[in-house]
Amino acid sequence: VPVVILIVGPATWVEKFPEARGTRQSPVDIVTSRASSGGSAPPLVWRYSVNHPRSVVNPGYCWRVDENGYDSELRGGPLGSDVYKLQQWHCHWGSVNGEGSEHTVDGRAFSGELHLVHWNTSKYNSFTEAAGQPDGLAVLGVLLMVGSKHDELDKVVRLLPYIQHKGDKVTFSEPLNPANLLPKRIAYWTYPGSLTTPPCTESVTWILFKEPVQVSAEQVRLNLCYYVNGKNV
Ligand SMILES: NS(=O)(=O)c1ccc(O)c(NC(=O)NCCc2ccccn2)c1
Ligand SMILES: [Zn+2]
């Protein structure tokens, strides 16, 4: 009986998404010895709305929190004079502990990776428009490692049982400050890259914080058993 192997993943993305064959594809391995020193970039500055309703969604490949258009600002650092606005944030977890991050640092993977996705409101009129432009998006990447429980992140993790299947969505209005998801030390690596999943558009200025943030083993387990089970590949 002929065996048909359906390959779905990065190797086949180039067939449907030509951008995936580009010259600035993400994620990458950060080779720390080859990273240049900070130079004279201005400080990275952010301000987020805390007290507004947010929705947690299961898009089928992770969980995502939509900011529902509430105001926020990210500017400075490598972003020139443009102001970016937080659109959504989501998480990438691995099926094996320590293997979940998208970026690696000197070949080392972390247990997970949080992405805070911002779009350039100085130049574009919508997220969708910005997502197609080389300077359209800025994503803050936070590496996650197993350690103590993360209280801010727990406001989302505890809702995962209610979005076990693709398309599920739950709205919550508990105050949450996305700034509390960032590490204490805000040193970062930055490079011009792309969306890490289809359509892999080369529109992302990546800003990856050097210091990992700790989450508990239970929080990793909850992410795995809910979104992995709920994940319709
Ligand atoms: N991971 S990332 O680069 O921050 C990022 C940010 C915003 C995005 O819209 C995406 N990609 C995205 O949403 N893709 C939706 C469809 C999809 C996602 C994953 C696999 C296959 N198809 C990735
Ligand atoms: Zn992501």
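This is a predicted model: local features need pLDDT of at least 70, side-chain atom pairs count only at pLDDT 80 or more; totals for chains, interfaces and linings use all residues.

**Putting the labels to the test**

Mentor: A polar side-chain atom of His92 lies 3.3 Å from a nitrogen atom of ligand 1. Residues count from 1 along each chain as its sequence is written, chains are lettered from A and ligands numbered from 1 in written order, and side-chain values use heavy atoms, without hydrogens or water.

Trainee: What makes the pair formed by His92 and ligand 1 a polar contact?

Mentor: A polar contact is a pair of N or O atoms within 3.5 Å; within protein, one must be able to donate a hydrogen and the other to accept it, and residues adjacent in sequence count only if both atoms are side-chain atoms. The distance at His92 is 3.3 Å, so the pair qualifies. His90 also places a side-chain N or O atom 3.3 Å from a nitrogen atom of ligand 1, and for Thr197 the distance is 2.8 Å.

Trainee: How much of ligand 1 does the protein bury?

Mentor: The protein buries 75% of the 520 Å² that ligand 1 exposes when taken alone. These areas come from the Shrake-Rupley method with a 1.4 Å probe, and for residues only the protein chains shown count as cover.

Trainee: Which elements give two or more residues to the shell around ligand 1?

Mentor: They are β6 (84–93) and β8 (112–120), and β6 gives the most, with three residues. Helices (H or I, at least four residues) and strands (E, at least two) are DSSP runs, numbered from the N terminus. There are 13 residues around ligand 1, and Tyr61, His90, Thr196, Thr197 and Pro198 come nearest; a residue is near if one of its heavy atoms lies within 4 Å.

Trainee: On to the rings. Why is the pair of Trp46 and Phe209 called aromatic, and which geometry does the pair have?

Mentor: Rings of Phe, Tyr and Trp (its six-membered ring) pair if their centres lie within 6.5 Å; planes under 30 degrees apart are stacked, over 60 edge-to-face and the rest tilted. By this rule the count comes to two aromatic pairs. Trp46 and Phe209 lie 6.0 Å centre to centre with 80 degrees between the planes, so the two rings pair edge-to-face. Trp46 is in strand β2 (residues 44–48) and Phe209 in strand β12 (residues 204–209), so the pair ties together parts 163 residues apart in sequence.

Trainee: Are Trp46 and Phe209 buried or partly exposed?

Mentor: Buried means under 20% relative accessible area, exposed over 50%, and partly exposed in between (1.4 Å probe, protein chains only). Trp46, at 23%, is therefore partly exposed, whereas Phe209, at 0%, is buried.

Trainee: What is the other pair?

Mentor: Trp63 and Trp89, edge-to-face, with 6.0 Å between centres and 80 degrees between planes. Trp63 sits in the loop between β3 (54–57) and β4 (64–66) and Trp89 in strand β6, 26 residues apart. Both Trp63 and Trp89 are buried.

Trainee: Why is Glu152 called buried?

Mentor: Its relative accessibility is 11%, which is why Glu152 counts as buried. Glu152 is found in helix α3 (residues 151–157), and its side chain reaches the backbone nitrogen of Asn177 at 2.7 Å. Contact means heavy atoms within 4.5 Å, and Glu152 touches Leu176, Asn177, Asn180 and Leu181, leaving aside residues up to four places away in sequence.

Trainee: What makes the backbone at Asn68 and Asp106 worth a look?

Mentor: Most residues other than glycine have a negative phi, and most peptide bonds are trans. Asn68 has a positive phi near 55 degrees, and Asp106 one of about 50 degrees. Asn68 lies in the loop between β4 and β5 (72–76), and Asp106 in the loop between β7 (104–105) and β8. At 38%, Asn68 counts as partly exposed, as does Asp106 at 46%.

Trainee: Which peptide bonds are cis?

Mentor: Among them are the bond joining Ser26 and Pro27, with omega about 0 degrees, and the bond from Pro198 to Pro199, with omega near 5 degrees. Pro27 is in the loop between α1 (10–16) and β1 (29–30), and Pro199 in the loop between β11 (188–193) and β12.
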